[in-house]
Amino acid sequence: MPFNEDITIDVSHIVKDFRIYKDKSHTFKDRVLFRKRNAYELNHVINDISFQCRRGQAIGLIGHNGCGKSTTLKLLNKILYPDSGTITMRGKISSLIELGAGFHQDMTGRENIYINASIFGLRKHEIDERLDKIIRFSELEKFIDSPVRTYSSGMYMRLAFSIAINVDADILLVDEILAVGDANFQAKCFSKLAEIKAKGTTIVIVSHSMDQIKSICDRVLWIDNGKIREDGPASKVCDHYLFAMNKAAEDRRIEEAREEGRKVLENPNHLYPFPKNAEQASNMSDRSGNMQIRFEDVRLEDMNGSLCQQFHYGDMMRLCWKISENPEKKNCFCKFEICTSENRPCTEFDSLKDCDKYFQDDHACYEISIQKLLLGSGSYYLNLILLDEKREVLDKVQHAVEFQVMVTEPLSDGLIPLKAVWDCQEDA
């Protein structure tokens, strides 16, 4: 194949296996006397993966835990080496593979900047020139001369990221480390990633956050059991991955129900259990309130009244529910919150504010219909809140119902993609 200077990462048919020993011998004597202890099984973590990355391209690696994402990143960084196949990296590499990697616990943040930056290939005078910029970006001015063992995980991430983006690398490898940062610093990091990407840096990022992947990546590799299952545009591949993961979760739920001898509902719309017993409900970690009245029989439907948890942009979505026994006919009202998988709020519906409506009848089936679901592609949750007229919480269920939205037509990126008409008026 002819050399292409625009290709910064070239991975060709790599294979990586790990030995899983049943009872490994640790001394030479044990190996001689107890040979059977050395029996092992091969775990095929990476099985014939090939791909290329261009200069200035951001690629995301997604997949379930144990599929080989982080192993692939460690192979790219030469922490591990493939059993077969070749990896060609063209340019200086900077990486954020593990939190605190390359830091000395008893040295200060300032001293660790010099150590870490020198590992990435910078000379002392180059680090001196960048030192103030690194500290300023990390926002750790007050703690930079304290030992890093006193740092929180978020402070570790701030310092590590600040160093990695200031070494003028041609390739940046990031493995899930941004998950420990606060919301403001994460936004700052992704803004910086977009900036260095525009300057020509190749970025490879591993994350379980589809929102993060979509915000920075042009292209996504979905790795499944050591192989590339899909390679394509970020939004498309992330949607396919989310639907597959939810289908797998649903299959597991059905299988567990069958093993326990419980009745399996056909096409249930959520995985959240709504027990009839108030004591059982109050013991759930994602449920709170006094449980005097509570949600029951919550279901999500499409425009045809069928149970559904996968919608397209612009679809109608209906949430139906019942409330438990209300013998005193207390006035209560409902609030529903839609949030992303990252727990970012999207919108809220309040029956008291929206329609001045209370709920009293414990035999009725209530519903709320969203006429047009104008949300970007991704996974979302519904939080359910039931309150009395004094606004005391009767029942609050976090992440009660999960649903997915797919955008099939080209729209603007973001949480709420909006259509717009462009025009140009020439001067008279």
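Begin with the open sheet of three strands, whose order is E2-E1-E4 and whose pairing is antiparallel. The model on display is predicted. Select residues 40-54 for strand E2 and 84-89 for strand E4; these are the edge strands, each pairing on one side only. Neighbouring strands of this sheet are turned by 25 degrees against each other on average, direction ignored.

Then display residues 69-76, helix H2, which lies across E1, E2 and E4 and runs at about 65 degrees to E2.

The tour now turns to charged side chains. The salt bridges number 18. One of them joins Glu 139 to Arg 158, with the closest N and O atoms 2.8 Å apart. Glu 139 sits in the loop between helix H4 (124-138) and helix H5 (153-164), whereas Arg 158 belongs to helix H5, so the pair links distant parts of the chain, 19 residues apart. Glu 139 is partly exposed, at 41% relative accessible area, while Arg 158 is buried, at 13%.

Now select Arg 299 and Glu 301, a salt bridge with its closest N and O atoms 2.8 Å apart. Arg 299 is partly exposed at 31% relative accessibility; Glu 301 is buried at 10%. Glu 301 also forms a salt bridge with Arg 318, where the closest N and O atoms are 3.4 Å apart. Because Arg 318 lies in strand E13 (residues 317-323) and Glu 301 in strand E11 (residues 295-301), this pair ties together parts 17 residues apart in sequence. Both Arg 318 and Glu 301 are buried.

Methods:
Residues are numbered from 1 along each chain as its sequence is written. This is a predicted model: local features need pLDDT of at least 70, side-chain atom pairs count only at pLDDT 80 or more; totals for chains, interfaces and linings use all residues. Side-chain values use heavy atoms; hydrogens and water are left out. Two strands pair if DSSP finds at least two bridges between them. Helices (H or I, at least four residues) and strands (E, at least two) are DSSP runs, numbered from the N terminus. Axes are lines fitted to C-alpha atoms, for helices over the stretch in contact, and angles run from 0 to 180 degrees between N-to-C directions. Contact means heavy atoms within 4.5 Å. A salt bridge is a side-chain nitrogen of Lys or Arg within 4 Å of a carboxyl oxygen of Asp or Glu. Buried means under 20% relative accessible area, exposed over 50%, partly exposed in between (1.4 Å probe, protein chains only).
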